[in-house]
Number of protein chains: 2
Amino acid sequence: MNVQLDETHDAALSSWVAAANDPATDFPIQNLPLGRFRRTGEAEFRIGVAIGDQVLDLARGGLIDTDDMNAFMQAGTETRNALRSTLSQALRAGSPRQHALQSCLVPQAAVEMGLPCHIGDYTDFYTSIHHATSVGRQFRPDNPLLPNYRWVPIGYHGRASSIGVSAQTIRRPVGQFKGADDATPSVGPTRRLDYELELGAFIASGNAQGESIPIAEAEAHLFGLALFNDWTARDIQAWEYQPLGPFLSKNFASTLSPWIVTIEALAPFRVPFERPASDPAPLPYLDTPANRASGAIDIALEVWLQTSAMRNAGLPAQRLMQSNFRDSYWTLAQLVAHHTVNGCNLQAGDLFGSGTQSGPDPGQGGSLLELSSGGKQPLQLANGEKRRFLEDGDTVILRGHCERRGFRRIGFGECAGTIAPART
Amino acid sequence: MNVQLDETHDAALSSWVAAANDPATDFPIQNLPLGRFRRTGEAEFRIGVAIGDQVLDLARGGLIDTDDMNAFMQAGTETRNALRSTLSQALRAGSPRQHALQSCLVPQAAVEMGLPCHIGDYTDFYTSIHHATSVGRQFRPDNPLLPNYRWVPIGYHGRASSIGVSAQTIRRPVGQFKGADDATPSVGPTRRLDYELELGAFIASGNAQGESIPIAEAEAHLFGLALFNDWTARDIQAWEYQPLGPFLSKNFASTLSPWIVTIEALAPFRVPFERPASDPAPLPYLDTPANRASGAIDIALEVWLQTSAMRNAGLPAQRLMQSNFRDSYWTLAQLVAHHTVNGCNLQAGDLFGSGTQSGPDPGQGGSLLELSSGGKQPLQLANGEKRRFLEDGDTVILRGHCERRGFRRIGFGECAGTIAPART
């Protein structure tokens with residue numbers, strides 16, 4: 001497990017990039033998340049690190065010899081650790097490299113962010129038992145949590161081509177749905193468009209087909225995390241999902257935040273992986289002492305909503321809920337071990353969605369489906385509006401951060417998307 | 001619909017490549033399927049066309065200006081038609097290009113075939129109502145065919161990274177399964193390893209995210225078809241598949257045949273798309289007069305099995321069943337229209353699996369699950385062996401061909417895979 005702390009995590013470090021020392025920034029020198037950006041007029045995306053309100057161009061600064069994020073991911077933990085250490089020193093207050101690197105900074109406000117890497121395959125998991133139970137209750141009232149849930153890290157394959165990056169516009173999808181009382185299905189714009197609050201985990205290096213990645217080695221195959229919105233059309237989902245799972249209800253769009261917070265940056269926020277004593281212990285291939293000791297990660301997650309009425313009235317977005325990734329029923333290492341136990345080959349840049357991260361308490365649902373009890377209890381917004389599901393013009397913003405006494409707070413930036421009207 | 005017949009379909013045409021005139025060949029001059037091959041010692045795959053027992057190297061012959069199949073796919077129907085016409089003339093008996101092209105031929109036996117293109121996303125459908133009903137009966141005896149089946153072309157996303165090409169070895173996957181009488185699940189090599197007889201359809205050009213491909217335009221987005229084996233571990237599937245669909249039961253491996261038979265080559269074998277009068281008509285976005293008139297394709301499909309005992313005794317493979325793609329409940333054009341109705345963006349090289357192609361009669365099941373009634377009635381083989389599911393050393397071979405009076409028979413070649421013992 002990569003829970004060794006080193007001097008890059010020292011809370012006393014400050015940067016010569018002034019905004020990185022703002023206590024409210026998501027990107028202090030202890031974070032150093034990686035992404036792909038381009039300036040206006042540039043065709044190709046380049047690898048950068050977020051520092052305060054700036055992006056440092058790594059290749060231009062001589063800090064990396066590629067602009068291919070997947071190649072860098074595949075290079076392995078040592079290469080990544082060496083870059084982290086180099087960046088921590090180069091961006092530190094008083095660094096002799098300040099003068100040379102100053103010209104390699106670009107304001108984040110002046111760049112376009114791309115997807116952080118090429119995503120070959122995308123798998124979505126279902127790791128929140130609170131989400132599985134509350135959604136299961138709506139789809140299968142008599143049988144909310146299926147018998148396999150506590151044994152199998154449930155996952156399914158998603159669509160890679162339609163994954164976009166924060167600030168994208170999502171056209172309301174058209175599809176088939178059928179109400180319980182309808183004799184035949186209808187086709188039209190979804191009436192139950194929803195978000196799902198997830199984390200996305202990127203695979204660093206993969207495995208050969210036919211081989212597996214044992215859980216004891218799984219952490220070394222993880223690159224880092226970003227926020228992930230798995231937009232979902234609930235009416236399409238309810239009608240299409242049996243027996244083979246969600247399809248058109250999901251694959252019209254998914255949105256990632258642009259910065260990958262590396263596994264190394266998250267080291268101070270590792271926490272024990274715990275389950276109720278009455279639950280079965282994970283099967284041996286999903287269990288190690290290290291996973292029990294520090295397999296979970298304390299990441300506070302939030303969903304914010306800004307409706308077009310709020311925007312027009314100059315009102316900021318309103319926070320709808322908070323949850324924490326430490327409440328996940330499965331750890332990332334367990335997901336890697338499970339995904340490969342059958343010899344399925346992972347590749348650098350593959351994306352694992354965590355599944356909707358709902359908390360244990362009412363009000364901690366990671367989707368409107370949960371917060372509005374399937375649309376039956378509209379959510380009252382502060383400006384007087386109500387929401388059962390998303391309306392055109394709504395902007396959904398996911399946020400996340402890690403905090404621990406004695407350490408610098410680090411954040412994930414934003415994962416935003418705005419709903420546009422359906423195609424006519 | 002691309003059902004215009006032209007002189008490239010003329011049964012009287014013969015080729016200066018002698019083996020292409022053998023009545024038994026899959027690859028007469030009327031077929032001209034495309035694939036990617038390399039000679040011993042070559043690092044890169046090149047685009048070739050199968051003609052008789054030879055491969056014609058297209059770039060070396062000056063017939064194409066790329067070795068990137070996805071780029072060629074994206075170039076569109078006109079480019080593809082022009083190549084077909086050129087090849088038909090160049091390979092015809094008496095062609096003035098014979099001398100120049102002779103040196104661009106390589107025996108198929110001397111080359112290694114690669115995947116025919118880069119597959120960005122792979123979707124598996126479920127188009128055989130006979131398969132859906134008989135498998136549904138085993139998983140849900142009280143409810144074999146779900147209410148959505150006759151309305152929705154059911155599909156789900158599959159794993160692209162583990163798709164390989166014919167003649168591959170499949171290591172028996174390890175996973176979780178739980179018998180009905182077991183208190184807790186077990187982990188081990190699957191005991192119910194199966195094949196699925198499918199066709200794979202390749203997308204030629206895609207659509208922008210947020211846009212759809214209307215059914216009337218869908219055929220122009222199809223490139224061609226190959227055989228596809230969707231290997232499945234039935235015990236893993238039964239335990240994991242609810243509520244989000246198959247995952248590790250499928251993603252350890254899938255196998256394609258190496259040659260893509262183009263939509264143009266299949267034109268003579270188009271047939272009406274028909275459904276029982278008592279079934280609902282397809283919804284308007286899945287229905288056109290052209291789709292009704294010629295949306296289906298008459299492709300005879302077969303599964304052959306050679307066990308290691310047969311191999312050791314010098315016995316050939318035994319045919320287990322036959323079915324026909326014309327019995328599919330949905331056409332390829334309907335699959336394209338459905339997949340994009342929500343704005344999901346397809347890309348050149350995407351693969352659609354047809355789902356297991358079972359016929360209406362007993363004995364026409366496209367999987368051992370069906371042929372052995374879920375393992376309860378072992379299949380008796382001619383050499384005295386029995387099979388409930390696949391055993392180590394078994395080689396499964398899918399074959400397919402099109403026949404019609406007045407036209408030359410064309411075939412798909414083979415899609416073969418051999419089971420190796422599980423990882424220990």
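**View 1. The area buried between chain B and chain A comes to about 5400 Å² in this predicted model.** Buried area here is the accessible area (1.4 Å probe) that two parts lose on being put together, summed over both. Carbon and sulfur atoms give 57% of that area. Chain B brings 58 residues to the contact and chain A brings 58 residues, with contact meaning heavy atoms within 4.5 Å.

A word on the ground rules: this is a predicted model, in which local features need pLDDT of at least 70 and side-chain atom pairs count only at pLDDT 80 or more, while totals for chains, interfaces and linings use all residues. Residues are numbered from 1 along each chain as its sequence is written, chains are lettered from A and ligands numbered from 1 in the order in which they are written, and side-chain values use heavy atoms, leaving out hydrogens and water.

**View 2. Six salt bridges cross the interface of chain B and chain A.** The rule asks for a side-chain nitrogen of Lys or Arg within 4 Å of a carboxyl oxygen of Asp or Glu. One of them pairs A:Asp350 with B:Arg159, whose closest N and O atoms sit 2.6 Å apart. Between chain B and chain A, 38 residue pairs are in polar contact, both residues at pLDDT 80 or more. A polar contact is a pair of N or O atoms within 3.5 Å; within protein, one must be able to donate a hydrogen and the other to accept it, and residues adjacent in sequence count only if both atoms are side-chain atoms. On the side of chain B that touches chain A, β7(B) gives the largest share, four residues. Helices (H or I, at least four residues) and strands (E, at least two) are DSSP runs, numbered from the N terminus.

**View 3. Five strands of chain A make an open sheet in the order β9-β26-β25-β20-β21, with mixed pairing.** Two strands pair if DSSP finds at least two bridges between them. At the edges, β9 (168-171) and β21 (318-324) of chain A each pair on one side only. Strands β25 (residues 395-402) and β26 (residues 410-420) of chain A run antiparallel, joined by seven bridges. A:Ile397 stands opposite A:Ala416 in β26(A).
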